[in-house]
Amino acid sequence: MMETVYQPYCVDPQLELLIERIYPPRVCIDNDTFPDCTLLKVDSANKHGILLEMVQVLTDLDLVISKSYISSDGGWFMDVFHVTDQFGNKLTDEGLIHYIQQALCASRREGSSRTARMCNMGKKGLSSEHTAAEITGTDRPGLLSEIFAVLVELGCNVTAAVAWTHHKSAASIIYMEEGLNGGSIKDPMRLAHVQEQLENVVDAHNGEGETSNVRLTAPSAGRTHTERRLHQLMYANGDYKLCRCRDDSEICKKGCTRTHVRIESCKEKGYSIINIKSRDRPKLLFDTICALTELQYVVFHAAVSSNGTIADQEYFIRHKGGCILDSESEKNRVLQGLVAAIERRVSHGLRLELCALNRVGLLSDITRVFRENGLSISAIDVGTNGERAVGSIYVTDASRHDVDVDPQMLELVLKEIGGSVAIVQGPSNRDDQTSSSRVDQGTKVTRVEDKPKFSLGNLLWSQLERLSSNFGSIKS
């Protein structure tokens with residue numbers, strides 16, 4: 001058991017509201033201190049989860065956080081982020097800066113439901129007006145194809161789909177609406193029928209000891225942030241159980257893809273110290289803090305930086321109930337949770353970027369072609385942008401090995417979607433974003449070498465003027 005207990009992390013809601021009125025949050029965006037990045041400073045009265053909400057705002061804009069310094073002792077939260085856009089440029093757009101200030105202040109004033117709503121409203125097809133299907137189970141070839149096919153048969157139009165696979169576990173969140181008339185699925189009997197049919201598909205090939213779950217949620221303004229919810233679903237599905245914890249005494253050399261974690265105690269100060277060394281990638285900070293928050297740990301101090309391809313993270317934490325990590329079982333639980341959160345986003349396989357005219361059954365047709373050609377989907381992030389369906393799909397063979405996609409098969413996909421396919425070569429991270437590209441002329445199949453993918457952040461930036469009109473003024 002965790003024996004050392006300090007003062008629990010809890011604040012009376014009325015006192016928290018009073019502190020908020022006296023000391024409103026402040027956001028400072030500094031483009032003068034450093035020549036190569038924007039300095040973003042935030043200070044605010046503290047509450048559990050505020051750090052995750054703020055990092056969530058920045059990562060949803062596809063901003064790259066190269067360094068961060070965090071301190072939240074004494075009921076006050078102070079954080080410094082070194083950020084650039086995905087191309088390495090400072091943040092100079094006034095509309096973007098205004099949106100960041102408003103969003104970060106909203107994350108403190110109105111909590112996670114408002115923050116998630118603001119971050120989701122600019123994403124591809126993600127809307128509080130759509131019904132969401134949360135599906136977890138055992139990963140197997142053709143599963144997503146079967147799910148999309150049954151939704152077409154039921155007359156449901158998929159507006160966005162995000163799915164991860166990790167250690168034989170699969171989790172997906174699919175946003176849908178009525179196929180003919182649009183709008184959310186409101187009839188309770190119809191909702192129950194759709195859920196039952198999805199359960200039949202997901203359960204069909206379960207082996208002994210394998211479980212699955214399907215849950216349809218009605219439209220809600222307070223819906224959990226999509227990627228945070230995916231982390232929750234994967235953890236609940238037990239993907240962390242197969243993670244092997246690696247002590248940081250091993251040197252994480254250049255090119256190493258392993259995650260190294262070390263936990264130490266600082267009993268005189270009442271902290272547990274976590275050191276993480278891993279391959280650097282976009283959204284790494286979000287995934288790490290998300291894991292600590294879901295495990296009910298509070299970050300009191302932290303320093304995060306990247307050195308080339310390697311990221312170093314150090315956290316001074318304490319459990320929300322006031323305990324530090326004293327037991328081996330609890331240390332192992334935290335180690336596995338962190339490793340799983342960091343590694344589950346790393347996709348395997350060939351990345352295909354899609355852009356096509358949206359229609360009912362589009363994803364069903366695309367995934368059917370992959371399945372009929374012996375390919376399996378390891379991850380998907382596809383949604384709608386106006387009348388277009390855009391996003392990325394990672395494909396492997398049935399055994400989860402990398403593949404070279406047959407051009408004839410891609411032509412079949414093109415016939416189904418009536419749009420374009422980009423083959424992205426390079427590291428298979430779901431969020432890798434670099435800059436050079438080459439387009440083969442005379443074909444709709446585009447081969448890209450580490451080309452920046454369609455960006456949810458870019459979509460959100462394009463809508464900043466509309467979004468900003470919904471916000472009030474900031475108190476500085």
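Select Ile274 and show what surrounds it. Leaving aside neighbours within four places in sequence, Ile274 is in contact (heavy atoms within 4.5 Å) with Val261, Arg262, Ile263, Leu292, Gln313, Glu314, Tyr315, Ile317, Val334 and Leu338. This is a predicted model, in which local features need pLDDT of at least 70 and side-chain atom pairs count only at pLDDT 80 or more, while totals for chains, interfaces and linings use all residues. Residues are numbered from 1 along each chain as its sequence is written, and side-chain values use heavy atoms, with hydrogens and water left out.

A nonpolar core is a set of buried Ala, Val, Leu, Ile, Met, Phe, Trp, Tyr and Cys residues joined through side-chain atoms within 4.5 Å; buried means under 20% relative accessible area, with a 1.4 Å probe and protein chains only.

Helices (H or I, at least four residues) and strands (E, at least two) are DSSP runs, numbered from the N terminus. Just after α5, Gly155 takes a positive phi of about 75 degrees.

From β14, move on to strand β15 (residues 388-397). Strand β15 is largely enclosed by the rest of the structure, because 8 of its 10 residues are buried. Two strands pair if DSSP finds at least two bridges between them. β14 and β15 pair in the antiparallel sense over 10 bridges, with Ile380 opposite Ile393 in β15. The two strands form a hairpin with 2 residues between them, and Gly386 in the turn has a positive phi of about 70 degrees. β15 also pairs with β13 (residues 350-357) in the antiparallel sense, over 8 bridges. There, Ala356 has Ala389 of β15 as its bridge partner.

Finally, colour the chain by pLDDT, the predictor's confidence in each residue, from 0 to 100. The protein chain averages 79, and 75% of the residues score at least 70. Confidence is highest in helix α8 (residues 284-294), at a mean of 96, and lowest in helix α13 (residues 464-468), at 42. Over residues 433-476 the pLDDT is below 50, and this stretch has 109 contacts in the model beyond near neighbours in sequence.

Note on methods
Buried means under 20% relative accessible area, exposed over 50%, partly exposed in between (1.4 Å probe, protein chains only).
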